[in-house]
Amino acid sequence: MKKSNDIFDVLSSTASGARMLLETIIEDYGAQDFLQCVFFGLNEADQERFLEATAQKAGAR
């Protein structure tokens with residue numbers, strides 16, 4: 001049986017694997033709880049940069 005670290009390394013090594021991992025975490029914890037854990041650990045400049053990029057992708061800007 002593979003160790004959790006091995007599985008994480010395999011999944012996080014590709015964009016599609018990382019998306020599956022993130023989607024699974026979000027399904028289990030909920031989007032807001034997950035994002036609050038990650039997003040608010042970032043410095044303010046990175047938070048602003050991600051919000052701007054996301055708003056552009058969503059067509060809100």
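1. In this predicted model, Arg-49 lies over the face of Phe-50, at 4.7 Å from the ring centre; a charge is taken to sit over a ring if NZ of Lys or CZ of Arg is within 6 Å of the ring centre and within 35 degrees of the ring normal. Residues are numbered from 1 along each chain as its sequence is written, and, the model being predicted, local features need pLDDT of at least 70 and side-chain atom pairs count only at pLDDT 80 or more, while totals for chains, interfaces and linings use all residues. Side-chain values use heavy atoms, with hydrogens and water left out.

2. The structure holds 1 aromatic pair, formed by Phe-39 and Phe-40, which is edge-to-face with 5.3 Å centre to centre and 90 degrees between the planes. Rings of Phe, Tyr and Trp (its six-membered ring) pair if their centres lie within 6.5 Å, and planes under 30 degrees apart count as stacked, over 60 as edge-to-face and the rest as tilted. Phe-39 counts as buried at 18% relative accessibility, whereas Phe-40, at 58%, is exposed; buried means under 20% relative accessible area, exposed over 50%, and partly exposed in between, with a 1.4 Å probe and protein chains only.

3. Gln-47 belongs to helix α4, residues 44-57, where helices are DSSP runs (H or I, at least four residues) numbered from the N terminus. With a relative accessibility of 15%, Gln-47 counts as buried, and, leaving aside its neighbours within four places in sequence, Gln-47 is in contact (heavy atoms within 4.5 Å) with Phe-39, Phe-40 and Leu-42.

4. The axes of helix α2 (residues 15-29) and helix α3 (residues 31-39) come within 6 Å and cross at roughly 115 degrees; axes are lines fitted to C-alpha atoms, for helices over the stretch in contact, and angles run from 0 to 180 degrees between N-to-C directions. Leu-22, Ile-25, Ile-26 and Tyr-29 of α2 make this contact with Ala-31, Asp-33 and Phe-34 of α3.

5. Gly-30 is found in the loop between α2 and α3 and, at 27% relative accessibility, counts as partly exposed. Between Gly-30 and Ser-16 there are 14 residues in sequence and 20 Å in space, C-alpha to C-alpha.

6. Asn-5 is found in helix α1, residues 4-12, and is exposed, with a relative accessible area of 58%. Asn-5 and Glu-52 are 47 residues apart in sequence, and their C-alpha atoms are 33 Å apart in space.

Technical notes:
Helices (H or I, at least four residues) and strands (E, at least two) are DSSP runs, numbered from the N terminus.
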